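Open the structure in your viewer and keep the selection tool ready. We will go from stop to stop.

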Amino acid sequence: MAAENPVKSLQEEATCPVCLEYFTEPVTLECGHNFCRACISQCWEGSATATSCPQCRETVQQRNLRPNRQLANILELVKQLSLEAAKGAGGDGVCERHQEALKLFCEEDQTPICVICRESRAHRAHTVVPIEEAAQEYKERVQSHLKTLREEREKLLGLKATGERNCRQYLKQTQTERQKIVSEFQQLQQFLEEQERLLLVQLEKLDEEIVRIQNENVSKLSKQISHLSELLNEMEGKCQKPASEFLQDVRTTLSRCEKGKFQQPEEISPELEERVSGFSKKTTVLMEILGKFKDTLPSQLERKRGELFGPHRQVNVTLDPDTAHPQLVLSEDQKSVRCGDTRQQLPNNPERFDTALCVLGCGGFTSGRHCWEVEVGGEGGWAVGVARWSVVRKGGFSRSPDGGIWAVEWSCGGGQLRALTSPSILLPLSRAPSRIRVCLDCGRGQVTFIDAGDEAPIVTFPPGSVPRDGIRPWFWVGPGSQLSLCP
């Protein structure tokens, strides 16, 4: 018969018969048996006189407990030998407390243990399995999680690639528009400079013509003034002479006075006036054109921005009665909904929500940019947003992107507005908005919520977060609340 393993025999000798673990502060009784000080004290707890040994039942005195230092020293050697033996056996690990190989796995504590731990009070009542079996089970569970994580990573990588591709496309378009603008402004600048040069040259010629006419008129007027001055002096001299002398040749004198009357100078010709007036009209028209250009430039730039990113098209959303929870009451025109007091008797068709107080909008969107507005009110809570076409209708589901919903929710109890992310995000808005605008961009996979009262943005689910396989308007109406779709 093969000899017993000496290391195992040493481990058994170094184990307390009460706790079945290595001795801690070993003490020796009168009978020669050894125990942990704490274990023997617990066994004798409540007994003030003679007690017995837990192993041989011999009566001993409590005061005769002797520390066994030699056993404590041997215990350290046993632990080292157990560690070396476990390493030599190729074990996966060693118990730090007992220096035994970790061959078992505790299901309750979810930790590897050794065979001595298995018999201890800490794990005696627990379910344990072989460590290889537990490792295989947990590997399968981890592999399942790894599959999900890889899918999430691929999804995020796809979103990142889509965002980068869209960014490059938009930047390319803006670069093209930039080149067009620079080219058009250069042509406009050349045209304006040429017009400026031509107009200034023509104005300079007009200036010369006006100055020439003015100089000629001044010269003629100067001659007439000189001639009239001489005639005045001569006539004044004649008037001073005696009557007989003055009346001599008076006919000639009168004739000369009549010939010396003032002659009008040459006026500016109508043709010249028309040319000046024409330039004035040209200048006025040019200023009007430039003024209109300056006024329309911002709107033109905004139009270009709209051509790049496209405007949101206002859509007429109505509620789908086939999807409404039986407790929701829809108006005849299917434009408003409130939460009733009782559950209506309605057919439980597959499209109908049977647990959540939800309703979908008629139809859906797979492309383009769309927006609609919702008036919210009442004393209860509500939520407004969009949902995947295939959102769960029966039973419970997550009101978040994980459940196929992208929305904002007003909680009447806390008076808070939240974005229904996972987990939800508290939005910095202390009051409930009276009207919310939902802006859906299918091309970018993005939805934005705006306070339609003051045009303040509330929250945006980033590009790529909303799928492109069919989206419908989604509404949740709590007790005491009412939602109305704006025309």
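Select Arg399 and Trp476. The charged end of Arg399 sits over the ring of Trp476, 4.5 Å from the ring centre. Keep in mind that this is a predicted model.

Now pick Arg472 and Trp389. Here Arg472 lies over the face of Trp389, 5.1 Å from the ring centre.

How many aromatic pairs does a search of the whole structure find? The search finds four. One of them joins Phe365 and Trp372, and this pair is stacked. A pair of aromatic rings is described by the distance of the centres and the angle of the planes. For Phe365 and Trp372, the centres are 5.7 Å apart and the planes are at 20°. The pair counts as stacked because the angle is under 30 degrees. Are Phe365 and Trp372 buried or exposed? Both are buried.

Turn to the backbone. Select Leu20, in the loop between α1 (6–13) and β1 (26–28). Leu20 is not a glycine, yet its phi is positive, about 60°. Leu20 is partly exposed, because its relative accessible area of 32% falls between the 20% and 50% cut-offs.

Move on to Gln110. You will find Gln110 in the loop between β6 (104–106) and β7 (111–113). Gln110 also has a positive phi without being glycine, near 50°. With a relative accessible area of 49%, Gln110 is partly exposed.

Last stop: Pro423. Pro423 is in the loop between β16 (416–419) and β17 (425–426). Show the peptide bond from Ser422 to Pro423. This bond is cis, with omega near 0°.

How values were computed: Residues numbered from 1 in each chain as written. Predicted model: local features only at pLDDT ≥ 70, side-chain atom pairs only at ≥ 80, totals over all residues. Heavy atoms only, no water. Helix = DSSP H or I, 4+ residues; strand = E, 2+ residues; numbered from the N terminus. Buried < 20%, exposed > 50% of the residue type's maximum accessible area, 1.4 Å probe, protein only. Phe/Tyr/Trp six-rings, centres within 6.5 Å; stacked < 30°, edge-to-face > 60°. Lys NZ or Arg CZ within 6 Å of the ring centre and 35° of its normal.
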